[in-house]
Amino acid sequence: MPQKGKKKGGRRSPNKNSPNRRSPHKNKKSNQPNQSSAAHNANGANPQSNDVENGQNTNNDTTPPNESQAQPSATSTSSSSPSSQEPQTEAMKLKDRGNEQFQNQNYQKAIEFYSKAIELEPNNHTFYSNRSAAYNSSGQYEEALQDADKCIELQPDWAKGYVRKGNVYQQQKKLEQAEECYKLGLKTCAEREALRKALNSLDMQKITGLERPDKIVGGHHAQAEKFRTLFNWLLQGGAKFPKLFLKFYSPEYRAIHAMERIEKDEDLCYIPHDYIMTSDVAKASVIGQKIICSKVDLRSKHSYLAAYLLQEREKGLKSRWHVYIDILPRKFETIPLFFDEAQRAELAGSIALKKIDDRLESLRLEYEAICSAVPDFNRFTLEEFTWARLVVITRIFGLVIDDVKTDGLVPMADMLNHRRPRETKWTYSQKKRGFLITALQTIDENAEIFDSYGRKCNSRFFVNYGFSLEDNADNEALMTFELPRNDPQYTIKARHLGFNVSDNLTIQQREGIVKKDFQIPMQYKEKKVKEAFSFLRVLHAQGNEFLIISSADGLRLEDIPPLSIRNETNVLTSLAVSATRSLKQFTTTLEHDNQLLANEELYPRFTNKRNTVLMRRGEKDVLSFYVELMKVCLPLFKMKFKDLRNKIRKEKRFKDNESPLMQYINYVVLPLVQRQSN
């Protein structure tokens, strides 16, 4: 886990909300910074929301319920928005005037205009939808229901009608009827996003209306009692999280929300020292001491905590940790280590496959080593050991306690999902002798509370935590480069690149010797990227260029600067060729993956299907970038410096100075062209 900030291997994410991991969502649309990893947008601040085509209207909202972009009625074309060529109908003008009044919260006036529009076009379902919203906002619920019913009658496959009707039921506190209405809409309508949001709003309204003992565990559900027992155990031990509650979006997906507004710099969670399962506790245990005394060479220190977890789980109710262990996932179905062959086939060409296989092999070897050194450990199976290690890697925090670096599992804190930039910070407080989470910004009532797992490629999120971010600027892809075996300076270059080769190798014997894999992101400023470029600059160095490299004192591979336009042209060409070769390893194209992801009905968020496509799509984005980088930059190398500067100033694609493209242009292209111009 990122020890300083967090678990190096730990947790939606996005599936962040899954009990299987402290994982991301992932990813909320409203607050999706560079990592797009946010969880469900609960939208619970106003459960009486009137969701509309161009926004969200609540009873206190001033945005008109504009339906002009809605699906037209089957019996009337006037409900569709007028084109620039067609004049607006009188009914549409009246509807627009009604929207203005609605925006100004003059609901009765809005109702009058909508009613006049209905007189002119009685079969336009959107007019009834708008008037239902106005009736609802003015407290005329029976009329609002009648209009919602009429809207549904005219257009039974239009989601907004069901949303209007459900909104009225929510306002009347008839929550079961609201749920039935939304679920009927989900069965009937093709476009379901508005209905899903409405159901989520309804769930939050149900939770908000509960007494604290029920609200804190997310209401009445199959896992409520287990979590109630956990929270009571923590609170009796001195833990404090007075403003937090748990919300279940599904049996596998959960999140921590704010019960009331949390201010910036406010401590929102405190877990006492004795309720943190640290590696030191694990090492001091019976099983921990056996492992230490055996002097087995462990591959990962996480194995101490994993072994301790197995020992304590075996004790059942006799373990002081049984309440915590009871809420841990029994399976990790979202973790790719357990994918079947069909699921693995969807990852063909991805770096994730090798990472999965390497992890499985590492766990097997670790298990066998412990069993060999500690015979008593054979009572646990490899599957059980794998389960325990996954619990650790998905939940662990790096800590400093009494000036000693350690790590541990922290109940409650390990249920926060991932999003960047971070909204909270955490630390072990020596003064308070416990784990503290503090807000870095104001967090509104009912909003989800996030943690950040740091910057990582989707391959790490996916393999370690079982989720992929929708948009991840830190995605990486694998490319392989090889020194041509017929290079006249083969031996010298090979040695500079760190390969110990003999002077007597024949050309045939050189094949595949000076070859290196690079897993790199797009950003030129990243160390990994500079190392790859430096490697290629040595590969393509000639004449004076190679003399410069050879005479450099204390050569460091990642520090080799651009040498010449000729050299850099070959570098970009090698990158593009290798990227194209890697792209051909996939069985689907980038365009195909984007089409799949656009269909959230078939590829819902936070599912294995979607995470798999996001994983491979992220790699293809990076590879495609390097193909495009060559196409864009080679012509730039041929320009005069003044013309190049003018081009960059004028063209839109060069406007973002922090984009990966502009990083390379600013650090490499401009200096090389300027040098040549001089």
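1. Disulfides. Taking a disulfide as a pair of cysteine sulfur atoms within 2.5 Å, the count in this predicted model comes to zero. Cys 151 takes part in no disulfide, and the nearest cysteine sulfur, that of Cys 189, lies 9.7 Å away. Cys 151 has 0% relative accessibility and therefore counts as buried, where buried means under 20% relative accessible area, exposed over 50% and partly exposed in between, with a 1.4 Å probe and protein chains only. For Cys 181 the closest cysteine sulfur is again in Cys 189, at 9.4 Å, which is too far for a bond, and Cys 181 is likewise buried, at 7% relative accessibility.

2. Basis of the values. Residues are numbered from 1 along each chain as its sequence is written, and side-chain values use heavy atoms, with hydrogens and water left out. Because the model is predicted, local features need pLDDT of at least 70 and side-chain atom pairs count only at pLDDT 80 or more, whereas totals for chains, interfaces and linings use all residues.

3. Nonpolar cores. A nonpolar core is here a set of buried Ala, Val, Leu, Ile, Met, Phe, Trp, Tyr and Cys residues joined through side-chain atoms within 4.5 Å. The largest such core has 87 residues, and those with the most contacts inside it include Phe 231, Ile 271 and Phe 435. Its largest share, eight residues, comes from helix H15 (residues 351–373); helices (H or I, at least four residues) and strands (E, at least two) are DSSP runs, numbered from the N terminus. A second, separate core has 57 residues, among them Ala 494, Ile 520, Cys 633 and Ile 665. With contact meaning heavy atoms within 4.5 Å, Phe 231 touches Ile 216, Val 217, Phe 241, Leu 246, Met 412 and Met 415, not counting residues up to four places away in sequence.

4. Two strands are said to pair if DSSP finds at least two bridges between them. An open sheet of three strands runs in the order S5-S11-S10 with antiparallel pairing. Strands S5 (267–272) and S10 (424–429) stand at the edges with a single partner strand each, so one side of each is left without a neighbour in the sheet. S5 and strand S11 (residues 434–439) pair over five bridges, and the bridge partner of Ile 271 in S11 is Phe 435.

5. Strand S7 (residues 396–401) is mostly covered, with five of its six residues buried, and pairs in the antiparallel sense with strand S8 (residues 404–409) over six bridges. Ile 396 has Leu 409 as its bridge partner in S8. Two residues lie between the strands of this hairpin, where Asp 402 takes a positive phi near 55°; Asp 402 is partly exposed, with a relative accessible area of 43%.

6. Backbone points to inspect. Most residues other than glycine have a negative phi, and most peptide bonds are trans. Phe 606, although not a glycine, has a positive phi of about 70°, and this residue is found in the loop between helix H22 (590–598) and helix H23 (608–637). At 14% relative accessibility, Phe 606 counts as buried. The peptide bond from Arg 420 to Pro 421 is cis, with omega near -5°, and Pro 421 is placed in the loop between strand S9 (417–418) and S10.
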